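Subject: Structure for your review

Dear colleague,

Please find below the structure that I am handing over to you.

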Amino acid sequence: MAEVITQIPGYEKGKVQTVVASDEEGAIVLSAQVVSDLLNKWNTTVAFFSLTSRSEKLLELVNNQSSVAQLFTVNQKNHSFPVIENKARGMVHSKFVRAVVIEGLLEQDLDHQYWLQRLAKSAHIPVVQVVVKTDKK
């Protein structure tokens with residue numbers, strides 16, 4: 001009998017993980033690696049939110065080889081985190097999304113942490129934020 005995996009190693013349900021990139025190009029590449037891992041290795045349906053309108057670039061980098069997992073991409077123009085949280089929560093319930101990746105956040109902006117933690121805990125999913133490192137001088 002096959003073992004049912006309820007917890008993806010490295011992507012803890014109910015937690016927010018942060019991946020830091022050195023620039024915007026690195027952020028989209030790291031996002032593609034995370035999304036590819038979730039889709040192909042773990043057969044997990046993913047919602048990808050791009051705050052920099054680079055969803056098309058992500059689609060070029062990701063090759064979904066899973067027969068069951070889907071990728072939903074959103075170029076998020078409204079950067080209000082309550083709006084992002086509500087949209088992601090709707091996708092969790094209507095499209096069976098089991099992980100959320102958000103790209104385009106800036107390292108110095110911590111106002112969004114509350115909303116991402118609330119989403120992860122209430123929807124019981126992993127949320128991965130890919131932030132661009134900013135130089136503080």
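I begin with the charges: the protein carries 15 positive and 14 negative charges, and their mean positions lie 6 Å apart. In this count Lys and Arg are positive and Asp and Glu negative, while His and the chain ends are left out; each charge is placed at NZ of Lys, CZ of Arg, CG of Asp or CD of Glu.

Please note that this is a predicted model, in which local features need pLDDT of at least 70 and side-chain atom pairs count only at pLDDT 80 or more, whereas totals for chains, interfaces and linings use all residues. Residues are numbered from 1 along each chain as its sequence is written, and side-chain values use heavy atoms, with hydrogens and water left out.

Overall architecture

The protein has four helices and five strands, arranged from the N terminus as β-α-β-α-β-α-β-α-β. Helices (H or I, at least four residues) and strands (E, at least two) are DSSP runs, numbered from the N terminus. A compact globule of 137 residues would have a radius of gyration near 14 Å, and the 14 Å of the protein agrees with this; the radius is taken over C-alpha atoms, and the globule rule is 2.2 Å times the number of residues to the power 0.38. Along the principal axes, the C-alpha atoms fill a box of roughly 55 × 30 × 25 Å.

Of the 137 residues, 45% count as buried. Here buried means under 20% relative accessible area, exposed means over 50%, and partly exposed lies in between (1.4 Å probe, protein chains only). The protein exposes about 7,600 Å², of which carbon and sulfur atoms supply 51%; the areas come from the Shrake-Rupley method with a 1.4 Å probe, and for residues only the protein chains shown count as cover. Among contacts (heavy atoms within 4.5 Å) with a separation of 6 or more, 76% join residues 24 or more positions apart.

Strand 4 and its partners

Strand 4 covers residues 99–106, and seven of its eight residues are buried, so the strand is largely enclosed by the rest of the structure. Strand 4 pairs in the parallel sense with strand 2 (residues 46–50) over five bridges; two strands are said to pair if DSSP finds at least two bridges between them. In that pairing, S50 has E103 of strand 4 as its bridge partner. Strand 4 also pairs in the parallel sense with strand 5 (residues 127–132), over six bridges, and V132 of strand 5 stands opposite L106.

Two buried helix residues

S31 belongs to helix 1 (residues 24–41) and is buried, with a relative accessible area of 0%. Neighbours within four places in sequence aside, S31 is in contact with F48, L58, E103 and V130.

Residues up to four places away not counted, M91 touches A47, F49, F72, V74, F96 and V97.

V19, in strand 1 (residues 16–21), is partly exposed at 24% relative accessible area. Leaving out residues up to four places away, V19 touches L30, V128, Q129, V130 and V131. V19 and V34 are 15 residues apart along the chain, and their C-alpha atoms are separated by 9.5 Å.

K57, in helix 2, is partly exposed with a relative accessible area of 30%. Apart from neighbours within four places in sequence, K57 is in contact with E25 and I28. The C-alpha atoms of K57 and I28 are separated by 7.5 Å, although the two are 29 residues apart along the chain.

Yours sincerely
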